[in-house]
Amino acid sequence: MVGSCPACGSESLSGFFRLDDVPLSSLILVDTQETARTWPRGAIDMASCSACGFVFNRAFRPEAVDYTMPYEESQAFSPRFREFEAELVEHLAATYDLEGKVVFEVGCGKASFLQTLCVRSGAEGVGIDPAFVPDRIDHNAPIRGIREYFGEHNTHLTGDLIVCRHTLEHIQPVEAFVRLLHESAKQTDGAAMFIEVPESERILAEGAFWDVYYEHCSYFTGPSLEGVFRAGGFEISSLRLGFDDQYLLLDCRLGHDDRPVNPAGVERVVSLADDFGRKATAEIARWRTIVDDLDGATAVLWGAGSKAVAFLSAIQRDDAFLAAVDINPFKQSMFLPGSALPVIAPDDLIEIRPDLVIVMNPAYVAEISTDLDRLGLTPRVEALGAPA
């Protein structure tokens, strides 16, 4: 178990929530029900740091998660998410005047965002990620991908803009990883950096147990994200919220910014963390009641990703659901780790005709409702995180 804060090194830690027997992976593509049902499991032991406001799973074992296995993290099949990414591309292209420059993305996934950004801005792109798949990009696009982990051996890779989206939350030694990003940025004069991570104050405030899962070992709030990058040798240009306030968006450059961590912000995070266990327990009980009251009605989840795996692990009602729906064709015909719930396409619902659809992210309710209308279906729709 980690005994000091991975972001600032402090030993002023308080545990506040624990789950045992959770799947070690939630976005692995599992092609048999038996493999999914017997997927390896581990523990989540959440702790907060009273020195910097960082929140993390101190029971996380990095060697337990293998991102070189078939892994499907892409959200690019959602119109709502593509709209958000298009806005982000416009922001980065306009802010950093990227034409003729180089964009380096750490944790590029399938590189769809990097491809869109470089085509739109006239930049060249380099992406690195152990889950990169060359066939998922346009081979005429001005980018190249490297199927590796980012580490000390490849900090020579750099760009005029370094992008790191939805990667830091998977990293346990956060302080050390930010130093690697600093080393990469040093290789290009005037390099800028853009960071995107889930915003965790919302998770804590809502008791959003479905947003706590094994692969996410690090949970950032505004104070802790600013703090770790200032300590790592960066000057913050801006910090804002995006995607219905679910994400933190940070722009920064190399520089000295020795302002202390905002104590009021840290105190607020620690207070929210202290109350998370009570709220999460109440939310788990509420959702169990909703499911138990189905009384033979048919139910499905919509969104076959990490939230679905975390939701099912916590409420322990796997048999109540017929399937998990996902618009990503790479997930369809696969099975969720742990519950072994089959993943189906939206059109498969015509045969199931569910009475209840539980949406894993309220940001997608509008587009899911449109799909249900197209299919001529009128189930009750409930969303995680929506007001009770």
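Biologist: How many disulfides does a search of the whole structure find?

Modeller: The search finds zero disulfides, where a disulfide is a pair of cysteine sulfur atoms within 2.5 Å. The structure is a predicted model, in which local features need pLDDT of at least 70 and side-chain atom pairs count only at pLDDT 80 or more, while totals for chains, interfaces and linings use all residues. Residues are numbered from 1 along each chain as its sequence is written, and side-chain values use heavy atoms, with hydrogens and water left out.

Biologist: Why is Cys118 called buried?

Modeller: Buried means under 20% relative accessible area, exposed means over 50%, and partly exposed lies in between (1.4 Å probe, protein chains only). Cys118 has 1% relative accessibility and therefore counts as buried, and Cys164, also at 1%, counts as buried too.

Biologist: What makes Asp245 partly exposed?

Modeller: The relative accessible area of Asp245 is 45%, and therefore Asp245 is partly exposed. Asp245 sits in the loop between strand 10 (234–242) and strand 11 (247–254), strands being DSSP runs of E with at least two residues and helices runs of H or I with at least four, numbered from the N terminus. Its phi is near 65 degrees, a positive value in a residue other than glycine. Asp21, which is not a glycine either, has a positive phi of about 65 degrees, but Asp21 is placed in strand 1 (residues 13–23).

Biologist: Why does Asp371 count as buried?

Modeller: Asp371, found in helix 10 (residues 365–374), has 18% relative accessibility and so counts as buried. Leaving aside neighbours within four places in sequence, Asp371 is in contact (heavy atoms within 4.5 Å) with Trp302, Ile327 and Pro346.

Biologist: What makes helix 7 roughly perpendicular to helix 8?

Modeller: The axes of helix 7 (residues 263–292) and helix 8 (residues 306–315) come within 10 Å and cross at roughly 85 degrees. Angles of 65 to 115 degrees count as roughly perpendicular, under 35 as roughly parallel, over 145 as roughly antiparallel and the rest as oblique, so helix 7 is roughly perpendicular to helix 8. Ile284, Trp287, Arg288 and Val291 of helix 7 make the contact with Phe311, Ala314 and Ile315 of helix 8.

Biologist: Why are helix 2 and helix 3 called oblique to each other?

Modeller: Helix 2 (residues 79–96) and helix 3 (residues 112–121) have axes that come within 10 Å and cross at roughly 50 degrees, and the two helices are therefore oblique to each other. On the helix 2 side the contact is made by Glu85, Leu88, Val89, Glu90, Leu92 and Ala93, and on the helix 3 side by Phe113, Thr116, Leu117, Arg120 and Ser121.

Biologist: How do you know that Ala383 is buried?

Modeller: Ala383, a residue of strand 16 (residues 380–383), is at 10% relative accessibility and therefore counts as buried. Apart from neighbours within four places in sequence, Ala383 is in contact with Trp287, Val359, Pro362 and Val365. The C-alpha atoms of Ala383 and Ala320, which are 63 residues apart along the chain, are separated by 17 Å.

Notes
Axes are lines fitted to C-alpha atoms, for helices over the stretch in contact, and angles run from 0 to 180 degrees between N-to-C directions.
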